[in-house]
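I opened the notebook to go through one chain, element by element. These are my entries in the order I made them.

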Amino acid sequence: MTSATQPEPLWSPSPDRIAAARVTAFQAWAAERFDAPAEGGYPALHRWSVDELDTFWQAVAEWFDVRFTTPYEEVLADRAMPGARWFTGSTLNYAEHALRAAEDPARAADAALLHVDETHEPTPVTWADLRHQVGSLAAELRALGVRPGDRVAGYLPNIPEAVVALLATAAVGAVWTSCAPDFGARSVLDRFQQVEPVVLFTIDGYRYGGKEHDRRETAAELRAELPALRAVVHIPLLGTPAPEGALAWADLTSAAAEPVFEPVPFDHPLWILYSSGTTGAPKAIVQSQGGILLEHLKQLGLHCDLGPEDRFFWYTSTGWMMWNFLVSGLLTGTTVVLYDGSPGYPDTGAQWRIAERTRATLYGTSAAYVMACRKAEVHPARDFDLSAVKCVATTGSPLPPDGFRWLHDEVAEDLWIASVSGGTDVCSCFAGAVPTLPVHIGELQAACLGTDLQAWDPAGKPVTGEVGELVVAAPMPSMPIHFWNDPDGSRYRDSYFEMFPGAWRHGDWITLTDHGSVVIHGRSDSTLNRQGVRMGSADIYEVVERLPEIKESLVIGLEEPNGGYWMPLFVHLAPGATLDEALRKKIAATIREQLSPRHVPDEIIEIPAVPHTLTGKRIEVPVKRLLQGTPMAKAVNPGSVDNPDLLGFYEELARTRG
């Protein structure tokens, strides 16, 4: 029976499914071992995980049998944010845990990875092969002088070689960082030049949308502009020989050596991810070996319910945190599906075909792809055998109600739909998948374990049932240990702790419902998020405003109620310039080639001038609010604008767009 506060769910897990879920077994074990609540299901477990934060994370470490080379002295020595100190005194290695399934002789010949290209034919890499390639490459990296703390970079698509390179880097105790090859040289250098890699893995090109894209010139430019490089490793995806001075991938990975895992402190850097660069250069976000290990074991093993019998497919690129998250599927002994290609080639149903051919049990994609399938009248269950799929997960933007209904109607009625939301900043989810809870249309199932997720009003007061800022009120192990080149921590503090000191403010608008679910309303800042790939407006401005015809520009990314995403570019032209078709094409081509094809604007609109704050910053969030239909008085304080008259244009545009 439902009440006014407990709406009818779209889907509920069966009693058998609840009983078989790993989080159910974990709760029973934690009740016996750590005095967690045995009754009350997931809500009671979540409350305990937040109230008893130290005990919860100790339980996660024991449940997943985390191997500490040196034991820890204290689970959480300092709860301050930023600066929380986890599992002090301990040492471990992420790569050792990612390759642990290979130690079981019964699993050595099973697929650790399934690589799929645009032919949609899966190619397996066994656990034994993966372990030996990592061992060989780690030994070669050490021979090249790579030491713990050195940075190793990949300009690579979503291919097995990228996984091998990441794990070999982690095995050595070096720090991994990657960009996708559809990023232009300038975008890559804005990221890699900050962290000064000593080794660069690169491809000669990649295939996307049925075409080959040569990247040898870009790779040469990266080599020339990264002076700290000691070695470049060439991966011949298009079959070309290694350029002069570069090492051949095959020569570094053929020794079939057993990997040697460097024990590193819990808070030793594992990898560097990048923010979108909204207000300047992308922030280089450093996350720790131990923090990511614990967080991803929890997220994948308990929330995603993944284990050795599962196959985990998420459409992603190496430039998005979801790739790192996908690779961590190895931690739970799961077979990871790597798809390198266009999400819609040769047709819109491509990703469903991959799910069919790989027998994926958890299939993750973007909300935008789901809505594109709905619009294109794709019928997954009719056209593909999706009997292995237990869960379809979406992220990148909130899944609209029609997306939930379409998945339910067109994939399976007994389908666990997991809309999830998190961030590059923690390389995980704040809210989303729970295998033992019902799914309500338009809602994420619940806040994640160990995540003190709250919605706060502007005064810092928690609210339920109304929109507030997404705040995490207690530390998570995967929160950044620091930003690169931020010695006093000021950029880190300003990014998350300026609005509410001591609490993480993420930059999303959310509602926590009275039945425990979460509704995400999109960004409360100006990050551009297309198909799950985040980019800052500053990146767009940098390339667009190099064009002599453009005096200044303003770009806005707008989540629309129907699940669409509208990204207009407003341009203030230089004297004598005309916004004709030729200039529109020139602007689009510049963004496509120098930044990313996903961030070509939907419309290019001429404006008389760009509005600024009194200190000269472009006004993005107020313009976004105006375009969403927010009244002028609520969207912006006119006294903070250099020319308030300019804002009426956006208010009128919102009205005419409907």
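**Entry: Asp580**

In which loop is the place of Asp580? I found Asp580 in the loop between strand E34 (568–573) and helix H19 (581–594). I was working on a predicted model throughout. Asp580 has a relative accessible area of 37%, so I noted it as partly exposed.

**Entry: Asp486**

I turned to another aspartate in a loop. Asp486 sits between strand E26 (482–483) and helix H17 (490–496). Asp486 is buried, yet I found no salt bridge for it. Which side chain of opposite charge is nearest to Asp486? That is Arg491, and it is 5.9 Å away. A salt bridge needs the nitrogen and the carboxyl oxygen within 4 Å, so I left this pair off the list. The backbone of Arg491 gave another result. Its nitrogen is reached by the side chain of Asp486 at 3.1 Å. Setting aside residues up to four places away in sequence, I listed Arg491 and Tyr492 as what Asp486 touches.

**Entry: the open sheet**

I traced the strand order next. The sheet is open, has 7 strands and runs E5-E4-E17-E16-E18-E19-E20. Its pairing is mixed.

I went through some of the pairs one by one.

- E4 (residues 111–116) and E17 (residues 335–339) run parallel and are joined by 4 bridges. Val116 has Tyr339 as its bridge partner in E17.
- E16 and E18 pair in the parallel sense over 3 bridges. Trp314 has Gly364 as its bridge partner in E18.
- E18 and E19 also pair in the parallel sense, over 5 bridges. Leu362 has Cys391 as its bridge partner in E19.

**Entry: strand E18 and its cover**

Buried or exposed: how do the residues of E18 count? I counted 5 of its 5 residues as buried. I then sorted them by direction. Leu362, Gly364 and Ser366 point one way, while Tyr363 and Thr365 point the other way.

In H16, Gly403, Phe404, Trp406, Leu407 and His408 are buried. Their cover includes H13, helix H14 (367–375), helix H15 (380–383), E19 and E20.

**Entry: salt bridges**

How many salt bridges does the structure hold? I got 28. I looked at a few of them.

I began inside a helix. Glu295 and Lys298 meet in a salt bridge at 2.9 Å, N to O. Both lie in helix H11 (residues 289–303), 3 residues apart, about one turn of the helix. Glu295 has 0% relative accessibility and so counts as buried. Lys298 is buried too, with a relative accessible area of 0%.

Next I took a pair on two strands. Arg505 and Glu469 form a salt bridge, with the closest N and O atoms 3.2 Å apart. Arg505 lies in strand E27 (residues 504–512) and Glu469 in strand E25 (residues 468–472), so the pair ties together parts 36 residues apart in sequence. Both residues are buried.

Then came Glu560 and Arg657, whose side chains meet at 3.0 Å, N to O. Glu560 lies in the loop between strand E32 (558–559) and strand E33 (565–566), and Arg657 in helix H22 (residues 648–657). This pair links distant parts of the chain, 97 residues apart. Glu560 is partly exposed at 25% relative accessible area, and Arg657 is partly exposed at 38%.

Salt bridges link Arg22, Asp305 and Glu309.

Conventions: Residues numbered from 1 in each chain as written. Predicted model: local features only at pLDDT ≥ 70, side-chain atom pairs only at ≥ 80, totals over all residues. Heavy atoms only, no water. Pairing = 2+ DSSP bridges. Buried < 20%, exposed > 50% of the residue type's maximum accessible area, 1.4 Å probe, protein only. Lys, Arg positive; Asp, Glu negative; His and termini not counted. Polar contact = N/O pair within 3.5 Å; in protein donor to acceptor, adjacent residues only side chain to side chain. Contact = heavy atoms within 4.5 Å.
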